[in-house]
Amino acid sequence: MRDEAGICGRGPELMRLDRLLADARAGHGAALAIHGEPGIGKSALLRAAVRRADGFHVLECAGDPAETALPHAALHQLLLHAAAPVSALPEPQAAALEAAVGIRRAPSDGGPESGAPGGYSAPAHSNPAAGGFLLGAALLTLFTDLSADRPLLLAIDDAHLLDSATAAALHFAIRRAIHLPVVLLCCLPVETASPQENAAGWYRLPALVLGGLDDGAARELLEARHGVLPALRVARVLAVAGGNPLALRELPVGAEEFAGSSFGPAPLGERLRAAYRDRLAGLDPGVRGLLLLAVVEERGVLRVLLAAAQELGVGESAWEAAQSAGLLEVGDGRVRSRHPLLGLAVYDAAVPEQRRAAHLALAGALTGAGELDQRVCHRAAALRRPDEQLAIALTHSAEQVRGSVLAAAAMLRRAAAITPDPVHASTRLAAAARFSWAGGDIESARRLLDRATEWIGADRAATASGGLAGLLEFVAGEPERAGALLLRDAALLDGETSTGLRELADQAHWAAALGDPAPVRSRDLEFAGRGRAEITPAAVRQLPPAPLVLLWGKADRAVEPFTRRVAQLRDSGEHAAAVHLLPQLAIVQFANGRVPAARESLAEAFDLARATGTGNVLAQCWNLNAKIAAMRGDSDLALESLDRALALARPRRAHALIASAHWHLGFHALSVGDPETAYLRLRTLAQPGHDARHPTYARLAAMDMVEAATRVGRPAEAAEHYATVRSWAIRSRADWAVASAYACRALISTDEELADHYFRRALAVRRTRHDLNQARTHLLYGAWLRRVRRRADAAEQLRAALESFERMSATPWVERARQELDLTGRRTPAPDRGSAPVLTAQEFRVARMAAQGMTNREIGVDLLLSPRTVGHHLSRVFAKLGLTARGELSRIDFDNGLRLIPPR
């Protein structure tokens, strides 16, 4: 996304500049004007061209408002470092140029010519037209001399501010230098309806109009400048900046106005204020008034803006001027600002009285039946002092909002801001925190709740927020502390909310490995999703954690209620509750063999977890991502995902998440044929004092632990883990536990007849054809049969394992089953991949994306990889395919055996 000079997102523009420079090296001249808003990156692009002009003569200058009226000031700057001496020009031209820039004394008898200050000569010709002609001719000759040995680049910033004499001479010379290896690059603001006379010529040059950066480049620049920000804050900054690089760097992104549940126009910051100062100074007062109204009336309803503008005395001429200048776009009953940052600059520069007048005019214009909320908001914004009655009206409007809980949160924040009593104001802030949480603005929810608690204390804040403190801790903090907060707040509340908080406290204690939770019964899943979810912590209470659903053998019954509940929360806009349940849904989908659906749910969970800053949910996403990657044979992605999960879980002492990561580390090690590492990872799940110790995961991973222990010669430890799963199977009667207990008993048995009996018992338990552990049981049974020389029986089991693993795309397990089958002497044909070297699934995806021109960073965003890991994959792709450069990937036919397409 960045070129070598650090410019972000300007690849096509840099390529165009490179072509101009290449043409000049080949002897062809050109001129190009770079147009754009303040801060859009015109000067940066011009500087990049100068850096890329290797082997060029370079002449530079920049317009300055203080020198626009000073003839030849810019010419003087341009020629300060010219390599060719002016004296080498023909005498009339040299005299004109030297006089223009004041570098030659007039010939006289020993002293300055009378009336010539400083001893410098006057222009060589008293006729201005003749002098202008000679000056232009002198520049043309100078450019010819300079470009004789190497190309010449003229780089002019803020060309519209050049003095008219310099501009005229440059236009004269450039029009006649087209046959020379001379490139003129200049920067200009967006063209106005009637540019100044001295600037008009620049706008007739071929133009490169710079727009905002695309979303990916804007995000990259924002993160490079400000670090990682909450996703809702990022979205607000991106919307305000509109891709403007200066805005992305200089907006005060930490301001309250950039929060997800914020209200009112965003502040600009000093550098942006300065960048737009000149543009504002040239605006007609009526146009400024329209831009102010358009910023304040964010919906852009034409009817409302027309009425408000009339109230402020803004006439039709201002509308015509704003549209002809390209500032406002009117159509379909809407008004859209073409340059949002300019509108914000107008609002920023407006005095409080002007802002109040705009809000009052809009409040008076909002007469529609459904516009009461907006009317109240504008009246509140126009207040000079707090007003309890208006605060009550805003609070009532917030409670009636449907469809946007963040809008309700913003109204409550407005209400708190105009509330005279600090206790009442803090109560409204706590309620705003509750709505912010529901809308996924976890950052604001936490900050607003903290502010409210300072004034009214934890108990009243808990009552006003519906017990929010514990839930915030539950999704983003320490589970043990979350449990304590949830129980504390449950005692202060009653009814449904209190019950929900107690159930969440049980889940928090389970996540902290503090005792066994209550059994998961079928009826715990049956009523989920019935009725409207409330904007309270109880909204996530109706379903147990997915690992407990798996533990009690209810995975097959859980998919439908989890899916229904998530859909309901998604439709109601309650993102915080949805983000908690989405990874749970993905887990039960994966457990039922619905891997594509699980990956879709996981992708959505990743997006929401990043947006809401819920670290515990994000860790759970990384864990499942690792399990899927390990099953499919992508070791790099699996290990990177687990590193990220543990980095999130360990500081929070989230033992369930740590245990899940260790389980998947063990599974990954088994997948790649490393049972020793697998056992060392898995045994921590039952190891006293270890942060990965967790009874639920010790039971779920028992079969993995027994397999790893038997393969590394630890029969005593294998027997202990078998006892764990056997006791759980007896207690729960869960199908998976019964089957695992039988399989583990077979693995530790030294009696062939008993081993055979228990393997068959394990396979006889009702399971689905997509069950990974059942496929592994076929594999273990087949391998055991081969070792006891029952090769025909072994081949039958191994074929069943192979077919199941192929359906699941479990690449390492497919290879292991095929190897075992080959050892029976009954080979199965490997898939026909032609003569092409074999790429892993992840290598294939990375190579295909790179062939489409995506950068390592863009590929990483799509596949949840770091750019370094993407580069590692590509290096292996190059080695396997015999490539030497990234560009050669575009000649690979990815749909027909990875064949190389011959050049035409």
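1. Helix H16 (residues 340–349) packs, through its buried residues, against helix H9 (231–241), helix H10 (245–250), helix H11 (270–275), helix H12 (277–281), helix H13 (285–296) and helix H17 (352–365). Contact means heavy atoms within 4.5 Å. Buried means under 20% relative accessible area, exposed means over 50%, and partly exposed lies in between (1.4 Å probe, protein chains only). Helices (H or I, at least four residues) and strands (E, at least two) are DSSP runs, numbered from the N terminus. Eight of the ten residues of H16 are buried, so the helix is largely enclosed by the rest of the structure. They are Leu341, Leu342, Gly343, Leu344, Ala345, Val346, Tyr347 and Asp348.

2. A word on the model. This is a predicted model: local features need pLDDT of at least 70, side-chain atom pairs count only at pLDDT 80 or more, and totals for chains, interfaces and linings use all residues. Residues are numbered from 1 along each chain as its sequence is written, and side-chain values use heavy atoms, with hydrogens and water left out.

3. Now the whole chain. It has 45 helices and nine strands. Of its 904 residues, 54% count as buried. Among contacts with a separation of 6 or more, 66% are between residues 24 or more positions apart. The chain exposes about 39,300 Å², and carbon and sulfur atoms supply 51% of that area. Accessible areas come from the Shrake-Rupley method with a 1.4 Å probe; for residues, only the protein chains shown count as cover.

4. Which residues touch the most other members of the largest nonpolar core? They are Trp437, Val588, Leu685, Phe805 and Leu889, in a core of 184 residues. A nonpolar core is a set of buried Ala, Val, Leu, Ile, Met, Phe, Trp, Tyr and Cys residues joined through side-chain atoms within 4.5 Å. Leaving out residues up to four places away in sequence, Trp437 touches Ile442, Ala445, Leu468, Leu471, Leu472, Val475, Ala576 and Ala577. Another core, of 58 residues, lies apart from the largest one. Its members include Leu293, Leu327, Ala345 and Ala361.

5. The structure holds eleven aromatic pairs. Rings of Phe, Tyr and Trp (its six-membered ring) pair if their centres lie within 6.5 Å; planes under 30 degrees apart count as stacked, over 60 as edge-to-face and the rest as tilted. The ring centres of Phe759 and Trp784 are 6.0 Å apart and their planes meet at 45°, so this pair is tilted. Phe759 is in helix H39 (residues 752–764) and Trp784 is in helix H40 (residues 772–787), so the pair ties together parts that are 25 residues apart in sequence. Both Phe759 and Trp784 are buried.

6. Phe805 and Trp813 make a tilted pair, with 5.9 Å centre to centre and 35° between the planes. Both of these residues are buried. Elsewhere, ring pairs link Trp510, Trp663 and Tyr697 into a cluster.

7. Charges also sit over rings. The rule: NZ of Lys or CZ of Arg is within 6 Å of the ring centre and within 35 degrees of the ring normal. Arg355 lies over the face of Tyr347, at 4.2 Å from the ring centre. Lys627 lies over the face of Phe667, at 4.7 Å from the ring centre.

8. Look next at strand E2 (residues 57–62), where the side chains alternate. His57, Leu59 and Cys61 point to one face and are buried. E2 runs parallel to strand E3 (residues 152–157), joined by six bridges. Two strands pair if DSSP finds at least two bridges between them. The bridge partner of His57 in E3 is Leu152.

9. Strands E6 (residues 328–331) and E7 (residues 334–337) run antiparallel, with four bridges. Glu329 stands opposite Arg336 in E7. The hairpin has two residues between its strands, and Asp332 there takes a positive phi near 55°.

10. Most residues other than glycine have a negative phi. Asp158 has a positive phi near 50°. It lies in the loop between E3 and helix H6, and is partly exposed at 28% relative accessible area. Leu162 sits in the loop between E3 and H6 (164–176). At 1% relative accessibility, Leu162 is buried. Leu162 and Thr68 are 94 residues apart in sequence and 5.4 Å apart in space, C-alpha to C-alpha.
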